[in-house]
Amino acid sequence: MADRYLNHIGGKWMPAGDGEWFENRNPADTNDLIGLFPKSSKADVDAAVQAASDAFDGWRLMPAPKRGELLYRLGEILAARKEEIARLMTREMGKILKETRGDVQEGIDTAFYAAGEGRRLFGDTVPVELPNKFGMSIRQPIGVCGLITPWNFPMAIATWKMFPALICGNTVILKPASDTPASAVKLVEAVLEAGVPAGVVNLVHGTGSGVGIPMVEHPDVRLISFTGSSAVGKDIATRCGPQLKRLSLELGGKNAQIVMADADLGLALEGALWGAFGTTGQRCTATSRLIIHKPIKEKFLKILVERARQIRIGSGLEETTEMGPLVNEGQLETVMKYVEIGKKEAKLLCGGNRLSAGAHRNGWFYEPTIFAEVAPRARIAQEEIFGPVLSVIDASDLEDAIRILNDTRYGLSSSIYTRDINAAFRAIRDIEAGITYVNGPTIGAEVQLPFGGVKDTGNGHREASHTVLDTFSEWKSVYVDYSGKLQKAQIDTVE
Ligand code: UN1
């Protein structure tokens, strides 16, 4: 009998109203059934929205430092459970244990950061024009927030959304990706153990159409925060538009690493391998383009290919594995489709095969794949693949490299390897992206700096850092006139 996991609504664990379930299987071994999860529908979403609305007043009126204490305790609980959660996460989405531990750690970091905000949530106090009058701005919660999260960072991204929402005094409904529902259950269990009151955090499992859309369209959900593909992000935006619903989108990327001839090539090599093949290339921040300065091209590609061929592929639960499987069959098919496109557009240097024999026979494994001589506008250089596929593009100089890097509809992460400080600062200034690394790979964001991107990567919001508070709160300007008479701004000037 498979384990059955549940929704959490209004303080109670429960199945979907109409009794439907979906399976969650290990992508490294599809014979391993992790459990059955409620396949929820609009009625379950309605119940969760009601519960979150009912809990809102109690939660928003709890002093923020107290909410912060609960989040601090939550961080400690996640820290104590780090290994258990990481193992379950690897089992359900495939990335290696080192990375799932890092994912849980990012959730812990976010908890402690948000807990500290409970004693900050700064606004401004400013001088005012008239005597005996006081001016300040304060943050107010928004209400019920709908959080729609992806499978590639089940803990980091869910907590990036949930913890700032909570510290600002909002209540939430989490709809996790249907590939990683068990990690979300672990998160909500920790939330409850920390003492967050019933109805403040609700969990509804299911598909985008069954749960996501009803949540997006529900008039009492005041905010949607979504991380996923640009196509789905645009659909959500068109549904939120007519309701003028606040919407934070974190979407695709086609991130590039530039390697200049003067770079520390050993360092640039390690960065490219980690950026392109870490998480099996399934990060929004993954390096999917390598823009290489022509003088070092041959030398660099030779060692890059040698090293890519040595990457150990297998179940992420084995400590020696360096790259796990893709998350599901659909993702594997996408990779295979793009590799076929790539073979027509460019030169395949290594990889290009699915692994389906021996230890790989029951999983969605694919080789690290590198294409060279890719034209900057080729499809494999423009479209997000979300797999272990790297496109190498030649650049003649720094300007050319930056021009190629910017020539995409996305703008999330970017990187340049150089020892030339002038080149580094020009890149920082001219690269169109939300994140730029100098002498580091495109992955590895920390929670105290804003996370997000420009162009089709989002709609102008940032997660993490204190900037995320602008997503999850409304500003209120407060004027207190203690003069005892009517004073007219802009008119009653003081002589
Ligand atoms: C993502 O790629 O979806 O910077 C999030 C990183 C991680 C977060 C990635 N800290 O790669």
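Is Glu 373 buried, partly exposed or exposed? The legends below take up this residue and several other close-ups. This is a predicted model, in which local features need pLDDT of at least 70 and side-chain atom pairs count only at pLDDT 80 or more, while totals for chains, interfaces and linings use all residues. Residues are numbered from 1 along each chain as its sequence is written, and side-chain values use heavy atoms, with hydrogens and water left out.

**View 1. Glu 373 and Ser 465 each have a positive phi.** Most residues other than glycine have a negative phi. Glu 373 has a phi near 55°, and its place is in the loop between β17 (369–372) and α12 (379–382). Helices (H or I, at least four residues) and strands (E, at least two) are DSSP runs, numbered from the N terminus. To settle the opening question, Glu 373 is partly exposed, with a relative accessible area of 45%. Here buried means under 20% relative accessible area, exposed means over 50%, and partly exposed is in between (1.4 Å probe, protein chains only). Ser 465 has a phi of about 55° and sits in the loop between β20 and α15. Ser 465 counts as buried, at 3% relative accessibility.

**View 2. Helix α2 packs against helix α6.** Two packed helices are described by the angle between their axes and the distance between the axes. For α2 (residues 64–80) and α6 (residues 181–193), the angle is about 130° and the axes are 9 Å apart. Axes are lines fitted to C-alpha atoms, for helices over the stretch in contact, and angles run from 0 to 180 degrees between N-to-C directions. The two helices are therefore oblique to each other; angles under 35 degrees count as roughly parallel, over 145 as roughly antiparallel, 65 to 115 as roughly perpendicular and the rest as oblique. The crossing of α2 and α6 is right-handed, a word used if the near helix is turned clockwise from the far one by less than a right angle, with anticlockwise giving left-handed. Look for Leu 74, Ile 77 and Leu 78 of α2, which meet Ala 190, Val 191 and Glu 193 of α6; contact means heavy atoms within 4.5 Å. By class, this contact of α2 with α6 has five nonpolar, no polar and one charged residues. Ala, Val, Leu, Ile, Met, Phe, Trp, Tyr, Cys and Pro count as nonpolar, Asp, Glu, Lys and Arg as charged, and the others, Gly among them, as polar.

**View 3. Helix α7 packs against helix α8.** The angle between α7 (residues 208–217) and α8 is about 35°, with their axes 9 Å apart. The crossing of α7 and α8 is right-handed. Ile 213, Val 216 and Glu 217 in α7 meet Ile 236, Arg 239 and Cys 240 in α8. The residues of this contact divide into four nonpolar, no polar and two charged.

**View 4. Asp 235 and Arg 239 form a salt bridge.** Side chains of opposite charge can pair when their charged atoms come close. A salt bridge is a side-chain nitrogen of Lys or Arg within 4 Å of a carboxyl oxygen of Asp or Glu, and by this rule the count comes to 33. In the pair shown, the closest N and O atoms are 2.9 Å apart. Both residues lie in helix α8 (residues 230–240), four residues apart, about one turn of the helix. Asp 235 is partly exposed at 30% relative accessible area, and Arg 239 is partly exposed at 26%.

**View 5. Glu 83 and Arg 101 meet in a salt bridge.** Their N to O distance is 2.8 Å. The pair links distant parts of the chain, with Glu 83 in helix α3 (residues 82–93) and Arg 101 in helix α4 (residues 97–117), 18 residues apart. Glu 83 is partly exposed, with a relative accessible area of 32%.

**View 6. Glu 432 and Lys 455 meet in a salt bridge.** The N to O distance is 2.9 Å. Glu 432 lies in the loop between α14 (421–430) and β20 (435–438) and Lys 455 in the loop between β20 and α15 (469–472), so the pair ties together parts that are 23 residues apart in sequence. Glu 432 counts as partly exposed at 38% relative accessibility, and Lys 455 is partly exposed at 33%.
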